[in-house]
Amino acid sequence: MSASVLSDWLAQRLERGNGQPIYRQLHRLLQQAILSRDLPAGSQLPSSRLLAQELSIGRNTVTQVYEQLTLEGYVSSGTGRGTFVADSAPDEIVGVRDVGTPATQSAPPAQVRRALSVRGARLVAGAGVSKRQWGAFMPGVPDVTRFPARVWTRLHNKYWRSVRPDLLTYAPGGGLASLRHALADYLRASRSVHCTPEQIIVTTGIHQSVDLAVRLLSDPGDVIWTEDPCYWGVRSVLHVSGLQSRPIPVDDEGINPSADDLAQPPKLMLVTPSHQYPLGTVMSLARRRMLLEYARQNRCWIIEDDYDSEFRYGSRPLASLQGLDTSEQVIYVGSFGKTLFPGLRIGYMVVPGVLAESFGTASAELYREGQLLQQAILAEFINEGHFTSHIRKMRTLYGQRRQALLDAATQRYGDALPAVGGDAGLHLVIQLPEGSDDRLVAAAALERNIVVRPLSGYYARPAQAPSGLLLGYACVADEEIAPAFSELAYAIDAIL
Ligand SMILES: Cc1ncc(COP(=O)(O)O)c(C=O)c1O
């Protein structure tokens, strides 16, 4: 695209008065053009003065956007030299999520960006975390109002009856023995995970488990396969550790590496076999076997993210990939964030026996672990049977809510906007027509106080990704689902 074609292209797409600041729109469009290679490496961008004139916008706006793109590694510039598209977009260097981020964060002001490191600036500018963590249709959040608070309070009071230094000091590494035992029993029985309590490392959740695995098993610059699409949160954890992500497409059997991918074994891969995030596919047995055999032959680590497999409607939860592994290549990670409540911040990982002690030591060394009192309460909560009974109750409740949401969507749109991935988990995906901009729909929904995530933002190349919306139903009261969907429908109809 030449400079004059670029100006026309931008002029056609900038929308004044759509609620999105011009700065954000211009930044997004230029990222999109670079990632899609419409603006190939080496192309010169128009000068800020010229572009501002042609688009009838302030020159400062253009300068700020160019500065931001420079910080993010999309372009490079030098005094008197002009601004050029960099040789490789940051996505290709570290896999930074681009324009379609499901994020709600705005880029930090220039002064802050200058203070941050390159990776810090990229992390913050591309952050996917939402300011809203509750209400229709926030994906990935369970109904915390149903948590059995009375039982928890009883156990909590019991532990506080006397001061126990062993539970109030730092943790020695790996977590409290009673919780590791309770977890080993639970994971063996319900997820067919092969493990002893010693192989379990208690963490603050999947984010920290992935962080620890990546730090201990790879070095900056190593390659990791990620599913395309995948969860933005762990992707940020990988990028900030300096790993190069290679996004691998997903089909209806799970991650599907091409011959070209297979020819270049990665150091690690990160997969969600029980319930692909966010599309909801289950990895087939054939694909599981293939992946395990490939990992064995090429000595790669597989991180299995088993974030919400307890919630499967109409069929039993599926066995883990770790349970099929005979060569100790799988690191299994899970969390109480969906089964109990996200703010608990307790998760766990199951590591091969030979690595268990190193992981425990590293965890205590890096994170200076604590929360042993919470862990003691949780162990007892599991041992007394409250955990499995809570899961059972919530599975029924979420199953009803999922159906209520499916009914609301079908009533309004029939087959025009099909839902996928709805038979498990806490969210489903509504597909939007090809070519529609799911980010605009999500922005319009937010103005109506409805949180939805644009599907395209979970892909490595949002500009070429399918359009859709992730809708979480777990934290929406039954009677609020239909009215909230009507609000969402206003936003969908206004944009499509
Ligand atoms: C696929 C996936 N993995 C991990 C997490 C986060 O887990 P945790 O809260 O334990 O860090 C989420 C949260 O939504 C998720 O969707």
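The lining of the second largest cavity divides into two nonpolar, three polar and two charged residues. That cavity holds about 30 Å³ of space. The model is predicted. It has two cavities of 30 Å³ or more, and its second largest pocket has about 680 Å³ of space.

**Cavities**

- The largest cavity has a volume of about 80 Å³.
- Glu227, Cys230, Tyr231, Val234, Leu270, Val271, Thr272, Tyr277 and Asp305 line the largest cavity.
- By class, the lining of the largest cavity has six nonpolar residues, one polar and two charged.

**Second largest pocket**

- The lining of this pocket consists of 30 residues.
- His207, Tyr231, Trp232, Lys338 and Arg345 lie nearest the centre of the pocket.
- Tyr231 also lines the largest cavity.
- Two helices, H11 (206-217) and H12 (232-240), each supply at least two lining residues.
- The most comes from H12, which gives five residues to the pocket lining.

**Helix H12**

- H12 is mostly covered, with eight of its nine residues buried.
- The buried set is Trp232, Gly233, Val234, Arg235, Ser236, Val237, Leu238 and His239.
- Trp232, one of these buried residues, is among those nearest the centre of the second largest pocket.
- Val234 is buried in H12 and is part of the lining of the largest cavity.
- Glycine 242 follows H12 and has a positive phi, near 80 degrees.

**Nonpolar surface patch**

- Trp160, Val163 and Leu168 make a nonpolar surface patch of about 310 Å².
- Tryptophan 160 sits in helix H8, which covers residues 149-160.
- The relative accessible area of tryptophan 160 is 42%, so this residue is partly exposed.
- The patch rule takes residues with over 30% relative accessible area, and tryptophan 160, at 42%, passes that cut-off.

Definitions and conventions
Residues numbered from 1 in each chain as written. Predicted model: local features only at pLDDT ≥ 70, side-chain atom pairs only at ≥ 80, totals over all residues. Heavy atoms only, no water. 1 Å grid on protein atoms, 1.4 Å probe; cavity = no way out; pocket = protein on both sides within 12 Å on 5 of 7 lines; lining within 4 Å. Points joined across faces, edges and corners; volume = space filled by probe spheres on them. Helix = DSSP H or I, 4+ residues; strand = E, 2+ residues; numbered from the N terminus. Patch = residues over 30% accessible without salt bridge, like charges linked within 9 Å, V, L, I, M, F, W, Y side chains within 5 Å. Areas by Shrake-Rupley, 256 points an atom, 1.4 Å probe, with all protein chains shown as cover. Salt bridge = Lys/Arg side-chain N within 4 Å of Asp/Glu carboxyl O. Buried < 20%, exposed > 50% of the residue type's maximum accessible area, 1.4 Å probe, protein only. Nonpolar A, V, L, I, M, F, W, Y, C, P; charged D, E, K, R; others polar.
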